[in-house]
Amino acid sequence: MVPEIDVVSFKKRLDARAEGKDDFFVLDVRNPNEQQIALVPGTDKLIPVSELAARIEEIKSQIDKEILVYCRSGGRSGMACGILAQAGFKSYKNVAGGILAYSDLVDPKMQKY
């Protein structure tokens with residue numbers, strides 16, 4: 001069972017981080033072309049889930065932070081959480097529903113695809 005965070009709580013945490021009241025890392029595991037369509041403001045890094053295991057060193061410096069992972073709908077980010085666990089990360093959450101839920105519940109102007 002992968003720990004999850006709902007998109008409304010995710011947005012609240014993003015706002016708190018912008019104010020210096022929270023500290024975590026936001027990982028987008030979609031493909032680059034998807035990020036060109038829609039992007040959650042405050043995203044720290046894009047690494048497609050298909051490349052995450054091979055590129056894990058790029059985020060190893062974040063191993064002591066909580067990692068919040070999102071994709072389009074939550075499936076790939078759930079897989080990414082498993083990869084993070086295998087790589088020794090202890091604190092991570094799947095953003096439940098991904099960009100689609102974010103668009104529905106947080107930012108209706110965000111383009112769906």
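I began with the side chain of Glu-66, which makes a polar contact with the side chain of Lys-93 at 3.4 Å. A polar contact here is a pair of N or O atoms within 3.5 Å; within protein, one must be able to donate a hydrogen and the other to accept it, and residues adjacent in sequence count only if both atoms are side-chain atoms. The Glu-66 side chain also has a polar contact with the side chain of Arg-13, at 2.7 Å.

I noted the ground rules. This is a predicted model, where local features need pLDDT of at least 70 and side-chain atom pairs count only at pLDDT 80 or more, while totals for chains, interfaces and linings use all residues. Residues are numbered from 1 along each chain as its sequence is written, and side-chain values use heavy atoms, without hydrogens and water.

Is Glu-66 buried or exposed? I put Glu-66 down as buried because its relative accessibility is 14%; buried means under 20% relative accessible area, exposed over 50%, partly exposed in between (1.4 Å probe, protein chains only).

Next I placed Glu-66: it is in the loop between α3 (49-52) and β4. Helices (H or I, at least four residues) and strands (E, at least two) are DSSP runs, numbered from the N terminus.

Then I traced the sheet. Five strands form an open, parallel sheet in the order β1-β5-β4-β2-β3. Strands pair if DSSP finds at least two bridges between them. The edge strands, β1 (4-5) and β3 (45-46), each pair on one side only. I found four bridges between β2 (residues 25-28) and β4 (residues 67-70). Leu-27 stands opposite Val-69 in β4.
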